[in-house]
Amino acid sequence: MGMEWLITVVIIPVLVFIYHVYIKQKEELDTRVSVLEDKVLVAEQKISDIRGDVDELKQIRDDLIDVKMDIREIKTLLNN
């Protein structure tokens, strides 16, 4: 009778409690992972956009360098 009481009153409720805590923490972890995945996707998109902007800026810089060289040539021709 003593061992049955211990199993019924103490061990089984403790195991059930531990199981419920585990399930709850797993659900919370899954939710947090999902939120983090969403944030990572947003960050990756922003990085992609920034890379595109950097490429555009590099092209504009190259175009400005070409324009600067053309202006120098025109000045040289006008001074001669």
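Which residues gather in a patch of negative charge on the surface?

1. The patch of negative charge on the surface is formed by Asp-49, Asp-53, Asp-55 and Glu-56. Patches are made of residues with over 30% relative accessible area and no salt bridge, with like charges joined within 9 Å and nonpolar side chains (Val, Leu, Ile, Met, Phe, Trp, Tyr) within 5 Å.

2. The model is predicted, so that local features need pLDDT of at least 70 and side-chain atom pairs count only at pLDDT 80 or more, while totals for chains, interfaces and linings use all residues. Residues are numbered from 1 along each chain as its sequence is written, and side-chain values use heavy atoms, with hydrogens and water left out.

3. Asp-49, one of the patch residues, lies in helix H1, which covers residues 2–79 (helices are DSSP runs of H or I with at least four residues, numbered from the N terminus). Asp-49 has a relative accessible area of 40% and is therefore partly exposed, a class between buried, under 20%, and exposed, over 50%, with a 1.4 Å probe and protein chains only.

4. Two salt bridges are present in the structure, each defined as a side-chain nitrogen of Lys or Arg within 4 Å of a carboxyl oxygen of Asp or Glu. One of them joins the side chains of Lys-26 and Asp-30 at 3.5 Å, N to O; both residues belong to helix H1 and stand four residues apart, about one turn of the helix. Asp-30 is partly exposed at 43% relative accessibility, and Lys-26 is partly exposed at 40%.

5. The side chains of Arg-61 and Asp-62 also meet in a salt bridge, at 3.7 Å, N to O, and Asp-62 is partly exposed with a relative accessible area of 33%.

Technical notes. Areas by Shrake-Rupley, 256 points an atom, 1.4 Å probe, with all protein chains shown as cover. Lys, Arg positive; Asp, Glu negative; His and termini not counted. Charge placed at Lys NZ, Arg CZ, Asp CG, Glu CD. Helix = DSSP H or I, 4+ residues; strand = E, 2+ residues; numbered from the N terminus.
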